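Try each one before you read its solution.

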Amino acid sequence: MHRRGFLVAGLAAALSGPRALAQMKMDDMSNMDSMPGMGGHAGHDMGAMSQGAAALPEGEALRELPLLANEAGRPGLFKAKLTAAPATARFLADQDTPILAYNGISPGPLIEAYEGDRVEIAFANRIEGEPSTIHWHGMPVPPDQDGNPMDPVAAGADRVYAFDLPEGSAGSYWYHPHPHGRTAEQVYRGLAGAFVVKANADPVPAAYGDTVLMFTDLRLAADGSMPDSTMNDLMNGRVGDHVLVNGQKNPKLAVAMGQRRRLRLYNATNARFLRLAFANAAMTVIGSDGGLLEKPVAADEILLSPAERVELVVAFDRPGRATLTTLDYDRGWMGPGRPADAGLTLLTVDVSATAGQAMPPLPERLRPIAPLGQPAVSRRLVFTETMAMNATGMEMGFLINGKAFDMERVDIVARAGETELWEIVNLADMDHPFHLHGTQFQVIGRERGGKVSKPPYLAWKDTVNVARGETVRLITRQERPGPRMYHCHILEHEQLGMMGIVDVRA
Ligand code: C2O
Ligand code: CU
Ligand code: CU
């Protein structure tokens, strides 16, 4: 019941930036009596949530994400159209589910381009009555091309996003909407896609293939629709009833014994933490959010917080069945209804009894990563949560340095090309995955309960989980002038204020 202390503290706190706070009517708060600190017991049933989740078909052949066709017709240019619009999906055999989709599908089409390419994507927002944007998560695109909430594309309007992919930028990025106050809903309704920048000289053997596995999270009502978010969803972030891989529940993949596969895992859920293990297969981490590591690292398990990606080589050396499953992870759930995290099977791989063709080995060195070096400036960002009851309902705030997001306010002024140390301090009761736009950073240390640790290897990251009570130190540098967002990537928290603007000046 340590939440009680938190709630009382929240009541005492002054809530700034009321526009960014959630305001719920008492009528909507049917679950309130079962929340700790409000007279109920934890672990109680949740009423609307997670009750009688419909069974989804499992075991279909894994669908590779369809590629977005390049209309350029000349090398060095990637040119295409993306339209965000309502569509329907068939999750249940006999029911259509209204969704939002890019070019009619969710996840959206896979964009594959090369280092050195120019990218021009014409975006059409055909979502009725809602502004949208396309944000290129993790990519080094100019601020005015990055789909910031300050640059909305109105319902029915069009715009072109144009940028160049620099040498050395190969990595596993993604795209999703970022309109003010609507990001969380547009994403869980279906708007997200993968953007893979390929290297011109790739050290990973082509024989391993290259497969994107995009995890999304789905909640379906009995009538096949996606229910609106509840109070609980706003607090903890919306977690669904089904984790999908490329839109399918526990799909099947067949491989020959001895095969190695290159898999890019994306956590594109709003708020679900995925602690993953591969039973009967060996995982080697070869890349992070922003591309390859220096050398491969064997791993028994991986924690992928919302928006993080990891690149793996998986060796299927034992015949039979290999499964990608989830392990328990306590990220500090508030109130009742903590989802059952452990024991979900996300992907089933059938490994043949006879060996396939011999596979080339993975090289011992993948690429060099230069440390970002000595910071000229250091900054401290403190995450807190506040919560208060008032006459009309409950207000929640997710704050950075005591403030909720304000589009009109610049929180940090930085200099282009200058190296900075950012210290992300999580004083809240939940884990918050921190994300910074426009660049890739390097985590240099973590501290929790007085224990300081260094990461085991250098990696390019744009999102890092900051566990409750933890401090993460990272080194970052922005190259281009203009405003950049930083925020918690639990999208409901971003929406409720846990976001800020760093204005990069020349
Ligand atoms: Cu994935 Cu501000 O975004
Ligand atoms: Cu981003
Ligand atoms: Cu958060």
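**Exercise 1.** How many helices and strands does the protein chain have?

*Solution.* In this predicted model, the protein chain comes out with four helices and 31 strands. Next, check the burial: 57% of its 506 residues count as buried. Then look at the contacts with a separation of 6 or more: 78% of them are between residues 24 or more positions apart.

**Exercise 2.** Find which residues coordinate the copper ion (ligand 2), and work out whether H135 is buried or exposed.

*Solution.* Start at the metal: the donors are NE2 of H135 and NE2 of H435, at 1.9 Å. For burial, the cut-off is under 20% relative accessible area. H135 has 0%, so it counts as buried. H435 is also at 0%, and therefore buried.

**Exercise 3.** Identify the donor atoms of the copper ion (ligand 3) and their spacing in sequence.

*Solution.* The donors are ND1 of H432, SG of C488 and ND1 of H493, at 1.9 to 2.1 Å. Written as a pattern, the spacing is H-x55-C-x4-H. H432 belongs to strand β25 and H493 to helix α4 (residues 491-495), so the two tie together parts 61 residues apart in sequence. Finally, both H432 and H493 are buried.

Methods:
Residues numbered from 1 in each chain as written. Chains lettered and ligands numbered in written order. Predicted model: local features only at pLDDT ≥ 70, side-chain atom pairs only at ≥ 80, totals over all residues. Heavy atoms only, no water. Buried < 20%, exposed > 50% of the residue type's maximum accessible area, 1.4 Å probe, protein only. Contact = heavy atoms within 4.5 Å. Donors = N, O, S within 2.8 Å, 3.2 Å for Na, K, Ca; no water.
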